[in-house]
Amino acid sequence: MTEDVRPRVVDRWFPCAGVDAACRLPIGSGKNEKAIAVWFASRPIAQARAAVATALLDDDTRTRNLIDSAVRGNAAAIAGLAEKVAEKFPAGRPVVLDVFSGRGIIPLEAARIGARAVGIDLSPVATLAGRVLADYALRDWSNEPALPWEQRDDTEWDAGQPRLIRDLATFLDVVGEHVRRIAGAWYPANADGSYPWGYLWAISIECDGCGRRFPLIGSLALRHPQAKSLDAGQWLRLTVDGDRWQAEVADGRPDQSPTYSSGDRGDGQLRKGKSARCIFCRHVHSLEAVKAKGYAGDYQDELLAAADDIEGKKIFRPPTQAEQASSRVDPRTLPPFPGLTAIPDEPIPANNVHTVQGSGYGYKTFGSLMCDRQAMQFAATCMAIRATHSDAQAAGISDDYARALAAFAACTMVRRLKRSTRGAGLMPFGNPDGTDSNNVAVNHVFSNESKMSFQFDWFETGLGDGPGTWNGLSKTGLRPYETHVARSTGVPAKFRQGNAMSLPYRDGSVDAVITDPPYDDMIEYADASDLMFVWLRRALGDIEPDLFGPDTPMQQRLQPKDDEIIVRRVQDPGRVVHDGEFYESSLSRAFREARRVLRPDGRLVVVFGHSDPDAWRKLLVALHEAGYVVTSSWPSRTESANTGVASIRVTVTIGCRVAVGDRPVATAAEVDREAADVIKSRVPGWTRDGLALGDQMMAAYGPVMEVYGRYSKVIEPDATIAPVDRYLTLARRAVREAIALRLESLPLETFDALTRFAFMWMKLHGRTLVPKGEARFLAQADNLRIEDIRGHLVTESSTGFRLVLDPPASVGPTSALFDVARAMIGAYMASGSEAAATALARSERPPDD
Ligand SMILES: C[S@@+](CC[C@H](N)C(=O)[O-])C[C@H]1O[C@@H](n2cnc3c(N)ncnc32)[C@H](O)[C@@H]1O
């Protein structure tokens, strides 16, 4: 195997500005791709494309230009990159592996530019999402026989659409019809034959004061008013009649208080948090008392209202008697799936209340997170997907194509799960004063990206049309899939469920590992997706058997978790402890394993989305220790995964090559010099590329780590080994020196450390809150310790630090210039120029300083 020593683009350059710009646009954000299947923490397309192209190709100007255009969505440039890849790898397509592939964004981009892309993820749910995105969508299905159903006479999906999309439109429709056949008896149709959009439910409890049952309702608004369309809005009125309560639908705005809310305790005092008030005797129940009733099995599901979708408008009404009667169903009447109960009886793991919040209210199995009827509708959907899949196979279409169709249908079911269970509340848009548009939808269950919420009143979508229904979600999923299929080229990627710490590949067989590892304690992936897993087992057990069949690796009949590389907020007793040490050592193991499968001239590129530099300092150390030379670190500003919330965070793309066997030992003095020189030579280029000062400081870590990684050991004068931290500090300082920052006309270096620190802080962050790790790095660049400046120069909160601009208590001859300036400004603001002059005199500085 000959070794290619030329620098790859990622070692020297990255389209930072292009990625930043594209991440804000649909073409580069990945929003379209994220709408196809449910997963967490996706990479933006633009960043993934940049990471793959820069890792594979050699650095030259034309390639840089092509990459820059490609990340901005230029199709000709993407094709140009594919040609470049073919030229560089004449013996065959390069293999690109993502060992934490999630929904498969990185393999998709590798496939698009002509690589043989492979994705591995510990979660079968994520692996399925990857297949749907970057395997099935890229295959050519044109030689498949026709489906056994008449094409729907729906002009939306006409003959001009790709084959896969037209067939999916039919397949999803057939599944929907099948569900209506099974579940129609539980969801009566309206007189005109249409089905309601959905149903509002609430849990009722028995009052501790009077013993009567009452519903827990957090909001009475059903549809806000809208002045423009003369719509008065609708709300839910609760009335009592003897020992019975009733829910009525009224026009206008609520004039009652909800029964579950924060407010007064009933004795005129304000109470903390939410509590439940009985509508009969007004007895107040604390949340703890309400939860205890859940654990005691005292909760009952009550149907409150039905909603029809009339030309897109949601009209609420009381449920009919037939609807009331048929909402009480018996799940035991359903036949089981092969080897599995009809309704998932898999237990929710203990200590999981922060991720599956319903388990904190006494719900013990995944099936019990829904009311019986909703669970039965999902069971019917699984049956329908399986039956439709069998019918397609029986008509002669290939196993692969039948699997692709069923897999997309199952992803549609998972998208529906996201808007189901007792955590999915009614979402009336607009406001009580009617000044806004007043659509109504059903909310999704995830808060903080991956916590499955729970509430006492929730919305169950039915068999009709509207947001969150099978029909509605089929359309909103097929549209982005159509766009995706139309622009997807390349060899279909391959995905398998597996563990990044033990890869099923030969030594030296992979050209690039490009990956986006889990981040510390941010997301408990498997726990947050087990609800999807249990239902996917029922829908696809023998259709995607390697992911959902009986022989797949499972713990307690759920997804495997022991090897999940995360920090758990709450440990599960008797299981592997997932603490910070486990996370770091497992990530190192995964990187070592990636090095084993990499060719000697291969590249590892790690995309890391943690905004705290302390987290990625640990990452740099892990990479160094796993036998890589870090060559570059490129910051990008990507949107957070919370769709719709424009919270920007910095993610870093770190380029690495495999370290060669015998590296020399060097002294810290030699390495310091070499590192400072390399930064000096790079700064003009970064400045030309428009990298801001803070970004240059992050970019400097790469080349400094590259120098550090040339040596097996770097020895300090006292014979100790120089730690990585020393070079991260040096990197920042070297950028500052190379840029030759000036304060007034004087070089920054002529000022005292505290003033330099304050100046840099203001320049980089102004008055914003700065994460703790970043603050520590800034302080280190001037040999300060955060402990020494806490309080008088920076104030600390739970999430970070802020620079103090208030005047210090006193100044004297040894005060830093920044302190003197603060004291003078404070004195001037309070008492004018005389006072400012006195402050200056106290510092014994000349008046013309
Ligand atoms: C940050 S996400 C990757 C997201 C992905 N880049 C995307 O665009 O969807 C990290 C992934 O690592 C997976 N994971 C955690 N531990 C793993 C392990 N030991 N082996 C393989 N995958 C693992 C999680 O299931 C999760 O999907």
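Arg223 and Asp231 are both buried, a term that here means under 20% relative accessible area, with exposed meaning over 50% and partly exposed lying in between (1.4 Å probe, protein chains only). Their side chains meet in a salt bridge, at 2.8 Å from N to O, where a salt bridge is a side-chain nitrogen of Lys or Arg within 4 Å of a carboxyl oxygen of Asp or Glu. The model is predicted, so that local features need pLDDT of at least 70 and side-chain atom pairs count only at pLDDT 80 or more, while totals for chains, interfaces and linings use all residues. Residues are numbered from 1 along each chain as its sequence is written, and side-chain values use heavy atoms, with hydrogens and water left out.

**Salt bridges**

- Side chains of opposite charge can pair when their charged atoms come close.
- By the rule stated above, the count of salt bridges comes to 56.
- Arg557 and Asp345 meet through their side chains in a salt bridge, at 2.6 Å from N to O.
- Arg557 lies in the loop between α17 (545-548) and α18 (580-597), and Asp345 in the loop between α12 (321-327) and α13 (372-394), so this pair ties together parts that are 212 residues apart in sequence; helices (H or I, at least four residues) and strands (E, at least two) are DSSP runs, numbered from the N terminus.
- Arg557 is partly exposed, with a relative accessible area of 37%, and Asp345 also counts as partly exposed, at 33% relative accessibility.
- Arg785 forms a salt bridge with Asp788, in which the closest N and O atoms are 3.3 Å apart, and Asp788 counts as partly exposed at 48% relative accessibility.

**A buried lysine**

- Lys561 is found in the loop between α17 and α18, and it counts as buried because its relative accessibility is 7%.
- Leaving aside neighbours within four places in sequence, Lys561 is in contact (heavy atoms within 4.5 Å) with Ala526, Asp527, Asp530, Gln555, Arg568 and His578.

**Aromatic rings**

- The structure holds 23 aromatic pairs, counted for rings of Phe, Tyr and Trp (its six-membered ring) whose centres lie within 6.5 Å, with planes under 30 degrees apart counted as stacked, over 60 as edge-to-face and the rest as tilted.
- The rings of Phe14 and Trp634 have centres 6.4 Å apart and planes at 10°, so this pair is stacked.
- Phe14 lies in the loop between α1 (9-12) and α2 (16-23), whereas Trp634 lies in strand β21 (residues 628-639), and the pair thus links distant parts of the chain, 620 residues apart.
- Phe14 and Trp634 are both buried.
- Tyr260, Tyr299, Tyr361, Tyr363, Phe454 and Phe456 are linked into a cluster by ring pairs.
- Arg422 lies over the face of Trp458, at 5.2 Å from the ring centre, given that a charge sits over a ring if NZ of Lys or CZ of Arg is within 6 Å of the ring centre and within 35 degrees of the ring normal.

**An open sheet**

- Three strands form an open sheet in the order β5-β6-β7, with antiparallel pairing, where two strands pair if DSSP finds at least two bridges between them.
- The edge strands, each of which pairs on one side only, are β5 (221-223) and β7 (244-251).
- β5 pairs with strand β6 (residues 234-241) in the antiparallel sense over two bridges, and the bridge partner of Ala221 in β6 is Trp235.
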